Every structure is written in structure tokens, then in C-alpha cells.
Amino acid sequence: MSLLQSLQWRYATKKMNGQPVAQETVDYIIEAARFAPTSSGLHPFKVIEIANPELKAKIQPIAFGQSQIVDSSHLLVFAAYDEYTKERVDAVFSQQEEERGLPLGTSDAYKNQLFDSLQQQTKQQHFEHAARQAYIGFGLAIAAAAEQKVDATPMEGFNNAQLDELLNLPALGLKSVTILALGYRDIENDWLVNLKKVRISKENFVLNFN
């Protein structure tokens with residue numbers, strides 16, 4: 001099945017049946033997010049994988065009682081850096097140089113220029129930029145799940161501050177951005193499962209400046 005066919009198959013599942021997704025399939029979906037392109041290769045976000053039923057039960061009220069939280073097989077919480085520190089930026093370019101076999105300091109000119117630019121921004125601007133990068137990985141994870149015939153529900157409906165506190169994300173320098181619930185649709189009880197997928201028409205979507 002092509003990517004477009006997979007995307008036409010998927011939908012934001014409203015009711016999951018509680019069946020587990022194989023760990024190797026979850027790993028595949030996470031790998032798609034890990035290989036996402038990010039600005040300057042900074043990759044300023046983490047994916048938190050949650051399968052523990054007790055922890056999911058604690059998250060459900062934070063997510064306004066949505067059933068997918070506890071009926072899913074896994075939750076993937078996408079959490080972005082709360083700021084770009086020198087240590088974080090240095091670590092990215094040091095890894096790039098090491099893995100590419102480049103002399104230490106090869107990237108210093110660009111790295112320093114980048115960090116000088118970041119220093120002109122607020123901590124909130126850093127987080128907003130990092131969150132946008134997280135959404136790139138989030139989108140690829142959704143596509144990978146569809147390819148694997150795993151239902152995935154994107155979820156922004158939760159209290160970020162409460163989730164951050166529950167997962168102790170401030171201690172890691174992270175802030176939650178969004179949640180992806182993975183599982184399988186409950187065909188008998190999901191009101192959305194048989195409804196036609198509706199999207200804006202191509203004519204109203206594409207602005208052709210050719």
C-alpha cells in the first residue's frame with residue numbers, strides 16, 4: 001500500500017480496543033520520528049514511550065478523560081527542549097563531527113553563529129522553535145503508524161503543565177508538546193470509523209504561483 005493510501009486509511013481514532021501493538025512496530029514508529037529532519041540538525045525533542053497501565057490511568061484525567069489514553073497500547077509523548085543551552089548545541093555538533101570523522105572544531109564557525117543568534121531570543125522563543133521541530137517528528141510517526149496499519153490518535157487536549165509535573169519533565173529540561181496514542185480501532189464502538197474522510201479540496205489547498 002502506498003503512503004497516500006495509508007494516509008487515506010488512517011483517521012483520528014476515537015475508540016481503541018485495548019489490543020497491544022507489537023514492540024517492534026512501536027520501535028519502527030519511533031524510529032520514523034528519530035529520523036525526522038530538524039533545524040540545523042539540533043533534534044531538540046524527545047519521545048517518551050508509555051505502556052504502563054497505571055501511568056496511563058494517571059494521565060487520563062490530565063487529558064480530560066479521553067478514553068484513548070487508557071485504551072491505547074502505547075502513548076508517545078513528544079516533549080521539546082525548554083531552551084537551547086550551549087551544552088546542548090555543543091553536543092549536537094560534537095556528535096556530528098565524531099560520527100562523520102571530521103576534525104574536532106570543524107563546525108565551530110557555523111555553530112557559534114547559530115548560538116549567537118539563539119542568544120538573541122527568549123527562552124519561550126527557544127521552546128516554540130523546538131516544539132515546531134517536534135511536530136515534524138510527530139507527523140512522520142503518524143505516517144509510519146499508518147504504514148504499519150496501527151491506529152494513531154494525535155492529542156493536544158491535555159494540561160501540559162500537569163503532564164510535565166507527572167512525568168518530571170522540568171528536571172530533564174523538557175516541556176510536553178503533544179501525545180500520540182497508538183493502538184487498534186474498536187470497530188463496533190467508534191462513531192468515526194465508517195465516516196468518509198473529509199479534507200479541503202486540492203483546488204482550495206494549493207496556491208499555484210507557476
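**Exercise 1. Decide whether Leu180 is buried or exposed, and find what surrounds Leu180.**

Step 1. Leu180 has a relative accessibility of 0% and therefore counts as buried; the term buried stands for under 20% relative accessible area, exposed for over 50%, and partly exposed for what lies in between, with a 1.4 Å probe and protein chains only. The model is a predicted one, in which local features need pLDDT of at least 70, side-chain atom pairs count only at pLDDT 80 or more, and totals for chains, interfaces and linings use all residues. Residues are numbered from 1 along each chain as its sequence is written, and side-chain values use heavy atoms, with hydrogens and water left out.

Step 2. Leu180 belongs to strand 4. Strands (E, at least two residues) and helices (H or I, at least four) are DSSP runs numbered from the N terminus.

Step 3. With residues up to four places away in sequence not counted, Leu180 touches His74, Leu75, Leu76, Phe78, Phe138, Ala141, Ile142, Ala152, Thr153 and Pro154. A contact here means heavy atoms within 4.5 Å.

Step 4. Glu156 is 24 residues from Leu180 along the chain, and their C-alpha atoms are separated by 9.0 Å.

**Exercise 2. Describe how helix 2 and helix 7 pack.**

Step 1. Two packed helices are described by the angle between their axes and the distance between the axes. For helix 2 (residues 23-34) and helix 7 (residues 123-147), the angle is about 145° and the axes are 7 Å apart. The axes are lines fitted to C-alpha atoms, for helices over the stretch in contact, and angles run from 0 to 180 degrees between N-to-C directions.

Step 2. The crossing of helix 2 and helix 7 is right-handed. A crossing is right-handed if the near helix is turned clockwise from the far one by less than a right angle, and left-handed if anticlockwise.

Step 3. Helix 2 contributes Tyr28, Ile29, Ala32 and Ala33 to the contact, and helix 7 contributes Gly137, Leu140, Ala141, Ala144, Ala145 and Glu147. By class, the contact residues of helix 2 with helix 7 are eight nonpolar, one polar and one charged. Nonpolar covers Ala, Val, Leu, Ile, Met, Phe, Trp, Tyr, Cys and Pro; charged covers Asp, Glu, Lys and Arg; the others, Gly among them, are polar.

**Exercise 3. Find which residues of helix 2 are buried and what they pack against.**

Step 1. The 12 residues of helix 2 should span 16 Å at 1.5 Å a residue, and the end C-alpha atoms are 16 Å apart, which agrees. The expected span is 1.5 Å times one less than the number of residues.

Step 2. Thr25, Val26, Ile29, Ile30, Ala32 and Ala33 of helix 2 are buried. They lie on the same side of helix 2 because they cover an arc of only 150° around the axis; the arc is that of the directions from the helix axis to the C-beta atoms.

Step 3. The buried residues of helix 2 pack against strand 1 (45-50), strand 2 (74-81), helix 7 and strand 4 (174-183).

Step 4. Gln23, also in helix 2, counts as partly exposed because its relative accessibility is 37%. Leaving aside neighbours within four places in sequence, Gln23 is in contact with Glu49 and His74.

**Exercise 4. Find which residues of helix 6 are buried and which exposed residues lie on the face turned away.**

Step 1. Helix 6 (residues 108-119) has 12 residues and reaches 16 Å from its first C-alpha to its last, close to the 16 Å expected at 1.5 Å a residue.

Step 2. Lys111, Leu114, Phe115 and Leu118 are the buried residues of helix 6. Their arc around the axis is only 95°, which puts them on the same side of helix 6.

Step 3. The face turned away from the buried side of helix 6 carries the exposed residues Ala109 and Gln113. The buried residues of helix 6 pack against helix 5 (86-99) and helix 7.

**Exercise 5. Locate Ser40 and Phe64, and state the phi of each.**

Step 1. Ser40 is in the loop between helix 2 and strand 1. Its phi is near 55°, a positive value in a residue other than glycine. Ser40 counts as partly exposed because its relative accessibility is 22%.

Step 2. Phe64 is in the loop between helix 3 (53-62) and helix 4 (68-71). Phe64 is not a glycine, yet has a positive phi of about 60°. At 61% relative accessibility, Phe64 counts as exposed.
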